[in-house]
Amino acid sequence: MHGIMPGGVWLLCCLAMLTTAATVEADPPRLRVAAVEFALSPERDAMTPSRVGARVAEVAGPLKTTVFLLEDHQTRLCLVTTHFDGTEAVNVTRVLREKVAGELGIPVAQVWIFTSHNHSGVLLASNGAEAYAVPAEGCPPARLLPIGEKFLAELCSHARRLPEMLEPVTVWWAEGREDRITYNRKGRRADGTTYFMREEDRVLVATDYRGDVDTQAPLVVFKNSAGRIVAALAQFTGHPVTSYHPEKPVVFGDWPQVAADLVGEKLDPAGAVPVGFLQGCAGDVNSKEMFCGGVERATAFGRMLGDSYVKAAATLQPSRRDGLD
């Protein structure tokens with residue numbers, strides 16, 4: 001998996017385990033957590049993953065990254081959750097994990113990188129190798145571009161702060177529902193054949209066609225001994241491509257970043273809580289208005305998803321387990 005784990009699988013497995021134990025332990029929490037968030041804005045005209053060689057036409061806002069350090073006794077796990085799409089390249093992921101692991105003094109295997117896969121980022125390396133196209137002789141070292149070097153420096157600088165910020169936490173969770181922003185792009189004809197359903201096809205199928213999608217919107221929050229929420233993890237399944245256009249690339253975190261920002265603000269009005277977004281295994285599930293929605297609609301979808309998390313947060317319940325398990 002090259003160090004990238006599907007966020008939805010990890011979080012939903014955790015949620016399943018969180019609800020299996022019979023009693024809530026009265027002992028002090030085993031788990032300690034720290035999280036920080038930073039934002040970085042690529043420049044206009046930067047290189048993008050566009051298949052037609054298009055460069056950034058608009059920077060609608062910075063791309064955010066949230067870094068978590070979780071500690072259970074002597075075991076530490078670092079989660080890097082980012083809206084920088086360029087982190088997915090195998091050789092880029094490798095250098096990021098190696099450098100962060102070095103900063104934290106933990107094995108590389110204990111640094112996991114999650115991206116929201118919004119297609120609205122930039123290339124971090126001039127020779128990024130995608131997982132499905134790695135040559136048989138192996139991946140060449142990443143040749144980081146200036147924005148890649150800057151991202152790596154920011155990531156290491158913030159990761160370095162985390163060990164001193166660790167504090168005991170209890171785990172709380174809730175599960176919301178969101179069915180308004182995604183659709184199943186695998187269209188089926190009457191003769192049984194299938195086709196890639198783009199937005200113009202979708203509106204022809206039905207007024208607001210959705211198809212089979214995952215509607216679960218799980219939320220996990222970490223509270224310190226004073227009951228204050230210090231960090232949160234949110235998950236949803238669906239390619240966030242509402243603001244994406246392959247020929248006119250825009251830099252924007254799309255609806256996952258908008259939703260995460262809204263959750264952070266609502267969980268603690270006095271100061272935004274760092275919120276990591278874990279992308280599910282979207283497969284054939286896209287966001288509606290792909291290639292034509294733009295930043296405004298992506299923002300509206302993000303508010304819808306964020307509101308679903310916020311409503312779910314009203315029903316937060318404590319986990320019956322208190323460690324990394």
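Which elements each supply at least two residues of the lining of the largest cavity? They are β3, α5 (254–267) and β14 (275–279), where helices (H or I, at least four residues) and strands (E, at least two) are DSSP runs numbered from the N terminus. This is a predicted model, in which local features need pLDDT of at least 70 and side-chain atom pairs count only at pLDDT 80 or more, while totals for chains, interfaces and linings use all residues. Residues are numbered from 1 along each chain as its sequence is written, and side-chain values use heavy atoms, with hydrogens and water left out.

**Cavities**

- The structure holds two cavities of 30 Å³ or more, a cavity being a set of points, on a 1 Å grid over the protein atoms alone, where a 1.4 Å probe fits but cannot get out.
- The largest cavity contains about 40 Å³ of space, with grid points joined across faces, edges and corners and the volume taken as the space filled by probe spheres set on the points.
- Its lining, meaning residues with an atom within 4 Å of a point, includes Glu 37, Lys 64, Thr 65, Thr 66, Gln 257, Asp 261 and Phe 277.

- Leu 96 is in contact (heavy atoms within 4.5 Å) with Thr 87, Ile 113, Phe 151, Leu 152 and Leu 155, not counting residues up to four places away in sequence.

**Cysteines**

- The structure holds zero disulfides, a disulfide being a pair of cysteine sulfur atoms within 2.5 Å.
- The sulfur of Cys 78 has its closest cysteine sulfur in Cys 156, 9.9 Å away and so too far for a bond.
- Cys 78 is buried, with a relative accessible area of 0%, on a scale where buried means under 20%, exposed over 50% and partly exposed in between (1.4 Å probe, protein chains only).

- Thr 237, placed in the loop between β12 (229–236) and β13 (250–251), is buried at a relative accessible area of 8%.
- The side chains of Thr 237 and Gln 235 are joined by a polar contact of 3.1 Å, that is, a pair of N or O atoms within 3.5 Å of which, within protein, one must be able to donate a hydrogen and the other to accept it, residues adjacent in sequence counting only if both atoms are side-chain atoms.
- Ser 287 lies in strand β15 and is buried, with a relative accessible area of 0%.
- A polar atom of the Ser 287 side chain lies 2.8 Å from the backbone nitrogen of Val 241.

**Positive phi**

- Most residues other than glycine have a negative phi.
- His 117, in the loop between β5 and α3, has a positive phi near 60°.
- Phe 291, in the loop between β15 (285–287) and α6 (294–313), has a positive phi of about 75° and counts as partly exposed at 26% relative accessibility.

Notes. 1 Å grid on protein atoms, 1.4 Å probe; cavity = no way out; pocket = protein on both sides within 12 Å on 5 of 7 lines; lining within 4 Å.
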